[in-house]
Amino acid sequence: MRELMPFLRDLRPECWRLALGTLLLIVSLAASIGLMGLSGWFITATAVAGLTGAYLDIYRPSAGIRFFALARSISRYFERLVHHDAVLRTLARLRGWLFRTLAPLPLARVGRLRRSDLLNRMTADVEALDNLYLRIIGPSLAAVVTLGGTIAVLVLLAGPAGLAVGAVLLAGGILLPLWAWRRGSPHGEAVDRHLPALRGAGVDAVQGLAELRACGAVGRHEQRLMAAADGLAAARARAARLTGAGEGAVGLLAHGALLAALVVGIPLYQAEAISGPLLALVALAALAGGEALTALPGAWQHLGRTRAAARRLLEHADTAADESAAVVDPPPRQALGLALAGVTFRHAAHTPPVLRDGSLTVAPGETVVIHGPSGCGKSTLLDLVAGLIRPDAGTVTLEGVPVHALAEAERFARITYLTQRTELFADSVAGNLRIVDPRADEARMWQALHTVGLDERVRSAPRGLDEWVGEGGGRLSGGEARRLALARLVLTDAPVVLLDEPFRGLDDATAAEVARRLAPWLAERTALIISHDPDSAPPHDRRLPFFELIAPGGE
Ligand SMILES: Nc1ncnc2c1ncn2[C@@H]1O[C@H](COP(=O)(O)OP(=O)(O)OP(=O)(O)O)[C@@H](O)[C@H]1O
């Protein structure tokens with residue numbers, strides 16, 4: 001259960017709301033039991049009074065019944081409000097924490113997580129914890145207090161009959177949740193296996209629909225999707241059957257408690273140790289006592305899933321702490337020199353190194369173009385310089401300071417990086433530009449768009465800078481999306497620029513025009529540019545084939 005501790009600690013800011021919610025739940029359960037017990041007593045007592053003509057005060061019991069009925073509804077309403085409010089606040093905080101944990105992870109680790117896997121953590125795993133907060137802790141605590149109190153009152157009123165009811169309810173109250181937990185774990189694991197598979201297939205279907213259609217593979221993908229959906233539906237059906245069995249078992253348990261009350265209570269009644277109305281009160285209170293347990297097997301059934309979700313959520317928490325551990329003083333924000341010395345890097349233990357003992361120096365203010373065949377390792381080189389991945393050996397330094405030792409904010413205040421697959425966000429042109437500088441005014445944005453030759457295109461759009469670019473920039477052409485991403489960089493004042501195939505998707509004439517406009521901006525900076533065709537790259541001081549970075553024999 002150690003994996004749940006951080007999430008229990010996370011409840012601290014909500015402890016008053018949760019305590020109030022649990023108190024309201026106790027009031028609601030106690031009112032339910034009181035209502036049933038008192039109603040049983042009252043109906044029996046009026047019958048006895050009718051038969052015997054004995055005096056009966058009907059006003060106080062009927063006021064009590066009205067009180068319990070009202071208390072039950074009102075407390076239940078506010079319990080839902082308070083408990084859900086506390087839990088939703090906690091889950092919102094948890095999502096923020098998860099994002100902060102994942103965001104600084106080394107790219108290689110995030111890359112290993114599928115988009116659907118990340119989505120799953122942000123949604124299903126976080127939501128699985130509401131089972132812990134909302135369905136296990138509060139209701140279990142409320143059941144213990146309510147049933148403890150009820151049994152104590154019944155023992156006081158009816159001695160052995162109360163004890164018999166207590167024995168049945170307590171035994172069932174302990175054994176049923178434990179049984180559900182044990183039996184539910186495999187179902188939870190099955191749901192956990194099938195849910196990411198279904199989400200993965202769904203995300204692939206949406207993102208790759210054009211390719212699937214062009215390859216005539218929609219039918220085959222649909223089969224994959226349906227297989228995942230069927231697997232999930234079957235796992236959920238098994239889990240639902242267990243929930244149903246748990247609820248049925250609680251119903252039987254409540255009737256077992258009623259039976260115990262009658263078996264022990266009737267001889268007591270016959271011996272005139274308790275009255276008829278009291279026997280009815282004990283029997284019906286025993287039956288209502290089951291209500292305190294109704295939701296428990298279903299909640300405990302999912303404890304295994306909740307624990308697995310907690311383990312997954314904590315998986316990367318330690319890494320984030322390690323990554324932020326080594327931080328040094330950053331170099332000043334001026335033209336900075338770059339150096340790779342004896343750098344070796346492989347993507348995975350079983351793959352050959354992309355760089356072996358590679359070295360490169362870029363002087364402050366210099367622009368260097370690296371070229372080489374596809375797959376030789378050019379993008380990997382830029383990821384290393386940007387500090388997104390760490391070399392296995394050797395150093396990557398910015399004016400003598402290892403890039404890895406720089407805090408991420410300091411690093412990216414000095415390095416701006418156009419990656420090969422830039423992401424545009426589902427936002428306006430201005431929204432996408434302001435990601436680098438939220439305070440950028442319109443004049444600066446127009447200037448940046450002019451530099452990349454996109455100003456006329458944006459001006460002609462009906463909403464100008466507020467024009468929506470669509471999901472992933474889907475409303476722009478490939479070349480326009482690339483130039484918008486480039487304009488984002490132009491807005492920064494970082495002294496080091498890394499460009500990976502900056503003109504991908506641009507025709508020669510547009511590329512030449514953008515290169516001409518970029519030249520003054522690049523001239524003030526240190527730049528490392530990757531291009532498969534150095535002749536069409538922006539103006540540069542030096543060009544180097546990628547393999548010259550590798551020590552002899554390294555290839
Ligand atoms: N995350 C990764 N895991 C494993 N291997 C990878 C990963 N990323 C890249 N590689 C491999 O590393 C090698 C270098 O890839 P890289 O993207 O750096 O090449 P590149 O020169 O930029 O290619 P291109 O010009 O086609 O973009 C390739 O063989 C590629 O398959």
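**Ground rules.** This is a predicted model, so I note that local features need pLDDT of at least 70 and side-chain atom pairs count only at pLDDT 80 or more, while totals for chains, interfaces and linings use all residues. Residues are numbered from 1 along each chain as its sequence is written, and side-chain values use heavy atoms, with hydrogens and water left out.

I looked up the UniProt record: an unreviewed entry puts "transmembrane region" at residues 132–157, 163–181, 248–268 and 274–296. Positions from UniProt are in the numbering used here, feature names are shortened, and annotations may be inferred rather than shown by experiment. I then checked two of these spans. Residues 163–181 are 100% helix and 0% strand, with end C-alpha atoms 27 Å apart. Residues 274–296 come out at 65% helix and 0% strand, and there the end C-alpha atoms are 33 Å apart. My helices (H or I, at least four residues) and strands (E, at least two) are DSSP runs, numbered from the N terminus.

**Helix H9.** H9 covers residues 276–289, 14 residues in total, and reaches 20 Å from first C-alpha to last, close to the 20 Å expected at 1.5 Å a residue. That expectation is 1.5 Å times one less than the number of residues. Is H9 enclosed or open? Of its 14 residues, 12 are buried, so H9 is largely enclosed by the rest of the structure. Buried here is under 20% relative accessible area, exposed is over 50%, and partly exposed is in between (1.4 Å probe, protein chains only). Among the buried ones I noted Gly-276, Pro-277, Leu-281 and Gly-289. At the start of H9, a side-chain oxygen of Ser-275 comes within 3.2 Å of the backbone nitrogen of Leu-278.

**Leu-253.** I found Leu-253 in helix H8 (residues 218–270), buried at a relative accessible area of 12%. What does Leu-253 contact beyond four places in sequence? The list is Val-168, Leu-169, Gly-172, Gly-173, Leu-176 and Leu-293, taking contact as heavy atoms within 4.5 Å.

**Ala-309.** Ala-309 sits in helix H11 (residues 303–314) and is buried, at 0% relative accessible area. Leaving out residues up to four places away in sequence, Ala-309 touches Asp-125 and Ala-128.

**Four-stranded sheet.** This open sheet runs E2-E1-E4-E5 with antiparallel pairing. Strands E2 (355–362) and E5 (401–402) are at the edges with a single partner strand each, so one side of each has no neighbour in the sheet. E1 (residues 338–345) and E4 (residues 393–398) pair over five bridges; DSSP must find at least two for two strands to pair. Ala-341 has Thr-395 in E4 as its bridge partner. Helix H13 (residues 378–385) packs on this sheet, touching E1, E2 and E4, at about 120° to E1. Such angles run from 0 to 180 degrees between N-to-C directions, with axes fitted to C-alpha atoms, for helices over the stretch in contact.

**Five-stranded sheet.** Here the order is E6-E7-E8-E3-E9, open and parallel. The edge strands are E6 (415–418) and E9 (542–545). Neighbouring strands are turned by 15° on average, direction ignored. E3 (residues 367–371) pairs with E9 over four bridges, and Val-369 stands opposite Arg-543 in E9.

Conventions
Polar contact = N/O pair within 3.5 Å; in protein donor to acceptor, adjacent residues only side chain to side chain.
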